[in-house]
Amino acid sequence: MIRRVFAVATLTLRGTIRSRALVGLAVLLLFLMIGLPLTVKGSGSPASDVHVLLYYTLGCAWVIIMVATLFISCAGISQDIEQERIRLVAVKPVRKSEIWLGKWFGMLTLNALLLVIVGLSIVGLLGWKSRSWDPETKTRLSQTVLVANRTVPPRPEDVSDELERMYQIELDRIKEQGRSTTAFQRKRIRGSIRHALLTAYAQVSPGSGKSWQIDIPQEAKGENPMALHINFSPLSGEIRSEHGSWSLSTERGTGVVFEDKIVAGMGNRIPLPDDLVRPGATLNIRFENAAGGTSVVFDPETAVELRVREHSFAWNLVCSLLVIFCQLALLSAFGLAAGTFFSYPVATFVATAIVFLSMTGHYFVVSEGSDVLSPVGVQPREQSVFHAVGETMVLGLERISGPALRLSSLAKLSNGLLVSLGSVFYAIVVVVGYSAVLTVISCIYLSRRELAA
Amino acid sequence: METLNAGNYAPLMVEAKGLVKVFRDFWRRPKVRAVDGIDFNVGSGEIVGLLGPNGSGKSTTIKMLLGLLFPSEGSVRVLGESPQRVTARQQIGYLPEVSELYLFLTPRETLDFYGRLFDLKPKTRRSRIEQLLEMVGLTHAADRQVGEFSMGMKRRVGLAQALVNDPQLLVLDEPTAGLDPPACRQVKDTMLAMVRRGKSIVLSSHLLADVESVCDRLVILYNGRIRAQGSVKELLTQSDRLSVTMPALPPEKMKSLLQTLRDHIGEEPQVEHPSLDLERFFLNVIEDAGDSQLTGAGHHEGIARYLDGTQ
């Protein structure tokens, strides 16, 4: 079986490599890898340049490879059937599953080749850029962006009692308006209230303060430098401005007052003093807003976090490319499945539409869920059958395929955050699971389908 | 698997019973009854020709033999098994009506790919590929992409891939379509050589001369039904007529002979000089022109090597 799968995989790879499509794709990728960093400018700092390279360039390359993968995989089986080449293969002692898997493995090899090219290009471009960086810049980048930092969030705020109270009030209000809610909408309402509560708690008015507690991980080691990341916004006035004072302490009483400037409206990185960083200790962070100033708001999830160096940038890049590879593998399986059921143009349309809806359906549903939270007195829209069916379909699609297609590692990579082995493993599990289902369904259909007219 | 076939006990390569194929439209409504209850067998070591005009059901029948189409009714067994089974397909070689090959592959890569699907060992595969390329006269173009080939050359690649597994049953759909006369002769020689080695062939064609010159038995289809079936000799012999071939006689002796014949049969006998068929005449001309490659001198060596190699 393996030999036959390998034969079909080699054929698929050979066919793609010798086609003009791949040449066009390679030229486009090359143009993008070189051209985009030259045309898209960040703030001009080296960190910004690296961010552009990692997020936008790699992101665009990912999108191009994704679209190409979908189109090529849709053609994999459908064009063999339409152009009747499948007849010569199907009369040989080869199972339909071997044909399907061979095509899939061929696509995987192609994706791996393209990602290796993209990865090497990124490394080459970073190497080329780094020639103009001074040692201090190199050190700073190796601690901020070109690194794999694990984030440790502060202990969560306990808002459960207040959340339940406000949730009941909101449900009663909706009921009074004579409207019904779906389970998803109720979930969205609860989420929105929770977010609003956390935001309210995260708002610090002049003259008051706010504290966070972060548990330093047990496995944190001295050779892995730690830093605190702080990000907040003023409610009014100049965005990039200083507000109040910050201090740090541990439960043993040792503490320091920040001497560095902590500026609103941008990410602040505060390297932690060695004497404060003890594995297992609790780090207390206190902010006192200056009297007579303006209120500031802290994002409930990302305002304050501890970052611990976990791995090198190379590790992060490889893990990130592995996650992208998994996504592409899933898209290949999806395209092949679509091509098994439909002709090439139809398969391409269906696959593209489903992938688009799966990746963006979440946003449609979020806006739909928030519609329930319309203010008192505003006449709510009646939900038609068409509306309900559409919502159910988008929700179903989003739930089935969304988690698989929304695997993303680029934001983390470009911010120096760890793309963990866990996320790679999760991506692999998702790909294997979903692909197995697609393979079984496609093979059953293919074996029952007449391959000649 | 021993079944009565054409008056002899012989293992059956193909056994079709009550075969029906109805094509349906999108709404599953019957559209065309392409094959309408046909029964026929193919024994070991014989060439059976499926004859009929376009749309008579030949290709549909062949596709059902190969498992590419599923019968609406009836059953078909190939080498004693359903053609859907992988083991049955291990012994089948197929040349479709149009050789839809992977145009980006070279003939050598094409044969290697199909050889891999048969799980042939690398050594066997390599030697067989060289024999087949020599047999079909494509050694010189073995590393050019098939997309650059003429229709005839593609046909040769198609024939070579049909033989890559040294099949027990060869199914050829219009094998000489698009080929020049020497290549047609090569195909027919290959068929005859295969049959001498005990292989069976199902040949579909509407070229009557081709079928007549190689087939042992004929199945004539029209509108999806069998209209005549039997050995070529049985079907074509006019048992109430007789032709005699003899050296040409001087006019006086001929006149006397004709008079004697007239007295015995009571009608005017037809007298004419026998003639070569056009294909034989054309090949003689080419042979005289000394182009051994075109006429298949190399081809005959190739067949011999292929057959030796596969024994």
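A residue is buried if 20 or more other C-beta atoms, placed from the backbone, lie within 10 Å of its own, exposed if 12 or fewer, and partly exposed in between. This is a predicted model: local features need pLDDT of at least 70, side-chain atom pairs count only at pLDDT 80 or more, and totals for chains, interfaces and linings use all residues. Residues are numbered from 1 along each chain as its sequence is written, and chains are lettered from A and ligands numbered from 1 in the order written.

Q: Why is Leu117(B) called buried?
A: Leu117(B) has 25 other C-beta atoms within 10 Å. The cut-off is 20 or more, so Leu117(B) counts as buried.

Q: Which residues of chain A does Leu117(B) touch?
A: Leu117(B) touches Arg4(A), Ala7(A), Val89(A), Lys92(A), Pro93(A) and Val94(A), leaving aside residues up to four places away in sequence. Contact means C-beta atoms, placed from the backbone, within 7 Å.

Q: Where in chain B does Leu117(B) lie?
A: Leu117(B) lies in helix H3 of chain B. Helices (H or I, at least four residues) and strands (E, at least two) are DSSP runs, numbered from the N terminus.

Q: How many residues does each chain bring to the contact?
A: Chain B gives 21 residues and chain A gives 23 residues. On the side of chain B, H3(B) supplies the largest share, four residues.

Q: What makes S1 and S8 of chain A edge strands?
A: The open sheet runs S1-S11-S4-S8 (chain A), with antiparallel pairing. Strands pair if DSSP finds at least two bridges between them. S1 (147-152) and S8 (268-271) each have a single partner strand, so one side of each lacks a neighbour in the sheet.

Definitions and conventions
Two residues are in contact if their C-beta atoms, placed from the backbone, lie within 7 Å.
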